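This report goes through one protein model, from overall figures to single residues. Please keep the sequence and the structure in view while reading.

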Amino acid sequence: MSLQMVTVSNNIALIQPGFSLMNFDGQVFFFGQKGWPKRSCPTGVFHFDLKHTCLKLKPALFSKDSCYLPPLRYPAICLFRSGLDSDKNQYIIHGGKTPNNEISDKFYSISLVCKNTKKVTFQCTEKDLVGDVPEARYGHSINVVYSRGKSMGVLFGGRSYMPSTQRTTEKWNSVTDCLPSVFLVDFEFGCATSYILPELQNGLSFHVSLARNDTVYILGGHSLATNTRPASLYRIKVDLPLGSPAVNCTVLTGGISISSAIVTQTNSDEFVIVGGYQHENQKRMVCNVVLLEDNKIEIHEMETPDWTPDIKHSKIWFGSNMGNGTVFLGIPGDNKQATSEAFYFYMLKCTEEDVNKDQKILTNSQTSTEDQGDSTPFEDSEEFCFSTEANYFDGDDEFDTYNEDDEEDESVTGYWITCCPTCDVDINTWVPFYSTELNKPAMIYCSHGDGHWVHAQCMDLAEHTLINLSEGSNKYYCNEHVKIARALQTPKRVLPLQRPPMKSHRKKGSGKIMTPAKKSFLRRLFD
């Protein structure tokens, strides 16, 4: 095992605890930044370009038919293929926290639609489910199992806010363990079914999950109900016949006490567990190797990496799996120095060999740490979920790295989306409409729900109105959501309008009538 320090050349502030990494054909992509995306990359997805020990981030594009994807931290994420021999890959994302500290209950799928040497384009689709839809949560796991030529998603664990009837002002952000139910999700037909298994008594979060064919292994985790990290090990086996699925759970021995660990695959049957916590205020510095065979799992300790003094003395750490047996790690910087970075990053290589392309195993883990600004150190409620996928780690296609001075790469990112049902902005036919436009359409941010970007021209905004909105701090709602926003507002008390009396346009005279006799007398008097 070799450990190297990584230098981030740009946008280092985007890499915060809670991010996830996706691997498409050997290329790694970053998702889940802290804070809302900026105009330079409204998708919030970056190419994680790591060459030697220098890391650069380059924005990725979304296709016009993509939905809006908020930056979610601590989600459950896994690689999904319709079959073991299928070449079409997509990532499934569920749950996670938004920058507004809200917990999402939506399912998203991300697939690669276009790749060249300059840009990468993804298609993002929101998946609607019926049946026993899982509640909003974070810190959980999702894996894909294959049985009898069919596939199914297996979702387990996580935390969510307390029910609305139990939330008070003092405990508004308090979280609780989700019920220990196992959800089977059919992504093809959009249905979900929950199963209550007697072997699963307490809810778990930030556990390690490994999937092989029709079996999912649940290892470790943290329970809020007991405030413990039980050394538990469960085997969940899913059978997918023509009728209803069959789900069985078996309690195994030989588990380890661990939470918020990172898992990477070193070969077709071998995995390495790195990082995590073993006690409330103690990092787990030991690494383990996991061997999976048919209905059998073995866990052994392995050689400990040569951790640097900074890693040994840091209170927290976080990271994710990059594939090819490589783990990306981060620790907080030294706040005592005025010029220190917020975080320092390392790359841990667990093997020097390439991973087999034909591997059939999926892994999922929840990697470590809490948000520095949201909670105290070692608080597991702020640990978050990462996915590490075992498929398609090979490939070495290169993209041009992200350059902050490359206006072409930044300016067009995400501007050619379909912002509303009546959107008619097309990259091939668009011409500037406002005086402030040059080579891209003007956009404005709608504050409804999780927020999304819309074209100002599609909203029929006048130029002076657009300028006033961009310079001010008032929230804007697009034409589709403005009625909803108004309905949620409390009507203001309006004082009755006092109308001043209307004045006559004609000037009124004195009201006295001048007789002919008086007129004659006045003429003789002045003559």
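## Confidence

The model is predicted. Across the protein chain the pLDDT averages 79, and 80% of the residues reach a score of at least 70.

In residues 354–362 it stays under 50, and the model has 40 contacts beyond four places in sequence for them. Residues 367–413 also stay under 50, with 202 contacts beyond four places in sequence. Where pLDDT is low, predicted coordinates should not be read in detail.

## Overall make-up

The protein chain has 5 helices and 34 strands. Of its 527 residues, 51% are buried. The chain exposes about 26300 Å², and 50% of that area is supplied by carbon and sulfur atoms.

Taking contacts between residues at least 6 apart in sequence, 61% join residues that are at least 24 apart.

## An open sheet of four strands

An open sheet is formed by 4 strands in the order S22-S23-S26-S27, with antiparallel pairing. Strand S22 (262–267) and strand S27 (296–301) are at the edges; each has a single partner strand, so one side of each has no neighbour in the sheet. From one strand to the next, the twist averages 25°.

Within this sheet, strand S23 (residues 270–274) pairs with strand S26 (residues 288–293) in the antiparallel sense, over 4 bridges. Glu 270 stands opposite Leu 291, which belongs to S26.

Is strand S30 enclosed or open to the outside? Of the 7 residues of S30 (residues 343–349), 6 are buried, so the strand is largely enclosed by the rest of the structure.

Strand S1 (residues 2–8) pairs with S30 in the antiparallel sense over 5 bridges. In this pairing, Gln 4 stands opposite Met 347 of S30. Strand S29 (residues 326–332) also runs antiparallel to S30 and is joined to it by 7 bridges. Pro 332 has Phe 343 of S30 as its bridge partner.

His 455 is found in strand S34 (residues 452–455). Its relative accessibility is 0%, so His 455 counts as buried, the cut-off being under 20%. Leaving out residues up to four places away in sequence, His 455 touches Tyr 415, Ile 417, Cys 419, Cys 423, Val 425, Pro 441, Ala 442 and Met 443.

Tyr 477 lies in the loop between helix H3 (463–471) and helix H4 (482–488). With a relative accessible area of 23%, Tyr 477 is partly exposed. The C-alpha atoms of Tyr 477 and Val 454 are separated by 9.7 Å, while the two residues are 23 apart along the chain.

## Cysteines

How many disulfides does a search of the whole structure find? The search finds 0. Cys 287 is in no disulfide, and the nearest cysteine sulfur, that of Cys 350, is 6.6 Å away. Cys 287 is buried, with a relative accessible area of 0%.

Cys 419, one of the residues that His 455 touches, is likewise in no disulfide. Cys 419 has a relative accessible area of 9% and is buried.

Key: Residues numbered from 1 in each chain as written. Predicted model: local features only at pLDDT ≥ 70, side-chain atom pairs only at ≥ 80, totals over all residues. Heavy atoms only, no water. Pairing = 2+ DSSP bridges. Helix = DSSP H or I, 4+ residues; strand = E, 2+ residues; numbered from the N terminus. Axes fitted to C-alpha atoms, helices over the stretch in contact; angles between N-to-C directions. Buried < 20%, exposed > 50% of the residue type's maximum accessible area, 1.4 Å probe, protein only. Contact = heavy atoms within 4.5 Å. Areas by Shrake-Rupley, 256 points an atom, 1.4 Å probe, with all protein chains shown as cover. pLDDT = per-residue confidence, 0-100. Disulfide = S-S within 2.5 Å.
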